[in-house]
Amino acid sequence: MGDNPFEPAQLGPVVLRNRIIKAATSEGRSPDGAVTDELIAFHRAFAAGGVGMTTVAYCCVSPQAASAPGQIVMSAANLPGLRRLTDAVHEAGAAISAQLGHAGVVAPKKLTGVTAMAPSRFINPTSFAYCRAISVAEIQTVIRQFGAAARIAVDAGFDAVELHFGHLYLPSSFLSPLINRRTDGYGGSIDNRSRLVREIAQHVRTVVGGQIAVIAKLDMDDGLPGSIWIDEALRTAQLLDADATLDAIELTQGSSVYKPMYLFRGDVPAREFSKVMPTALRPAIRLFGKQAMGRYAYRDLYMLDAARQFVPLMKNTKLVLLGGITDREHIETGMREGFDFFAMGRALLREPDRVNTMITEPDSRSRCTHNNKCMVTVFGRTHCVLDPDQRYGVAQRLTDDRR
């Protein structure tokens, strides 16, 4: 297990066939909150295309933890479907991870039936929805829910879980001094505000032991003025590393409540978004959508400058680099910088077999144009709009009869 990113690499108790991870991207293939054949084909394509591990996006730790319709709840009822999914990915040669989350401030009441929870009373600046303060007893319930969801992941045959500590979902919102104004042991200093994510990670590790890998997705900064920034994120990562409960931390940026393009960068698909919104909102989105979503120029490896600050702090925990990774040279740069694994999203939506291509054609260039119109497809079936097979349903790419 040397320095070649396309050779096997150890991630906790799991050996991945290479260091490339399909990042969690909303799939839109479980409309009733259950695994479907389409969801299985979606992830099997990335496995057949060469990734070391694929990530099932946003599996809810409870029904009240959902951020959007159609998300899978990690429950015993979903075990048979989840097992079919993991078996299919394993048969194609890759490992599979389940991203576990609690939406917190972005859990819509119309969907969950309950008022959203936050560390303190909070008004979501995007939806203007009121969020009530979570109690200490409810915090303990959420911690147990993460553990129960991780247990389901083990029973379903997953190789890893990814704890979503980013994007101002519930655990991440505790890290934000803007949202977390508590005066108890979960508020105040960054050490106190980091308590919830540490307790979730500790409980999940206790539940799963060494059976699967445990990863956390952690915000370096969320783009919301006065909220999470890299100075305190470094301390949170340092505390998590000292606890030695995680096998890896995937570093991310941005939030789900403010200027979402801070996470994605590049073109703002405001006109496309307007077409899928209620008729009354369409003119405003066309006129002001780019301003509301935020304009941030895309560049390759756009998270690297922030992420490299975390490298010297890690003693027990490996790091996953995300953001603008499309070509082999980007991965090789990350290896030289000290990162262990590399997460790819949009480039794999464009070319599910991108990893195999990077291996056989090292100088090849990704066909992803970063137009970001794939963001709008989350309202249906997430796909690259430049792929006719996915857009028009002609055929599934990388199916068994074509491999």
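Asp-327 and Arg-354 are both buried (buried is under 20% relative accessible area, exposed over 50%, partly exposed in between, with a 1.4 Å probe and protein chains only). This is a predicted model, where local features need pLDDT of at least 70, side-chain atom pairs count only at pLDDT 80 or more, and totals for chains, interfaces and linings use all residues. Residues are numbered from 1 along each chain as its sequence is written, and side-chain values use heavy atoms, with hydrogens and water left out.

**Salt bridges**

- The structure holds 22 salt bridges (a side-chain nitrogen of Lys or Arg within 4 Å of a carboxyl oxygen of Asp or Glu).
- One of them joins the side chains of Asp-327 and Arg-354, at 2.9 Å from N to O. Asp-327 lies in the loop between strand S12 (318-321) and helix H13 (328-337) and Arg-354 in helix H15, so this pair ties together parts that are 27 residues apart in sequence (helices, H or I, of at least four residues and strands, E, of at least two are DSSP runs, numbered from the N terminus).
- Asp-327 also forms a salt bridge with Arg-365, with the closest N and O atoms 3.9 Å apart. That pair links distant parts of the chain, since Arg-365 is in the loop between H15 and H16, 38 residues from Asp-327.
- Asp-327 counts as buried because its relative accessible area is 5%, whereas Arg-365, at 49%, is partly exposed.
- Glu-351 and Arg-367 meet through their side chains in a salt bridge of 3.3 Å, N to O.
- Glu-351 is buried at 3% relative accessibility, and Arg-367 is partly exposed at 43%.
- Arg-299, Asp-305, Arg-308 and Glu-337 make up one network, joined by salt bridges that share partners.

**Aromatic pairs**

- Searching the whole structure turns up six aromatic pairs (rings of Phe, Tyr and Trp, its six-membered ring, with centres within 6.5 Å; planes under 30 degrees apart are stacked, over 60 edge-to-face and the rest tilted).
- Among them is the edge-to-face pair of Phe-273 and Phe-379, 6.2 Å centre to centre with 85° between the planes. Phe-273 is in helix H10 (270-275) and Phe-379 in the loop between helix H15 (354-360) and helix H16 (388-392), so parts 106 residues apart in sequence get tied together.
- Phe-273 counts as buried, at 11% relative accessibility.
- Tyr-298 and Tyr-302 also pair edge-to-face, at 5.7 Å centre to centre and 70° between the planes. Tyr-302 is buried at 6% relative accessibility.

**Charges over rings**

- Arg-19 has its charged end over the ring of Phe-341, 5.8 Å from the centre (NZ of Lys or CZ of Arg within 6 Å of the ring centre and within 35 degrees of the ring normal).
- Lys-259 lies over the face of Tyr-258, 5.4 Å from the ring centre.

**Helix H10**

- Glu-272 is in helix H10 and is partly exposed at 22% relative accessibility.

**Annotated span**

- The unreviewed UniProt entry annotates residues 6-238 as "domain: NADH:flavin oxidoreductase/NADH oxidase N-terminal" (positions follow the numbering used here, feature names are shortened, and annotations may be inferred rather than shown by experiment).
- Residues 6-238 are 35% helix and 21% strand, and the end C-alpha atoms lie 28 Å apart.
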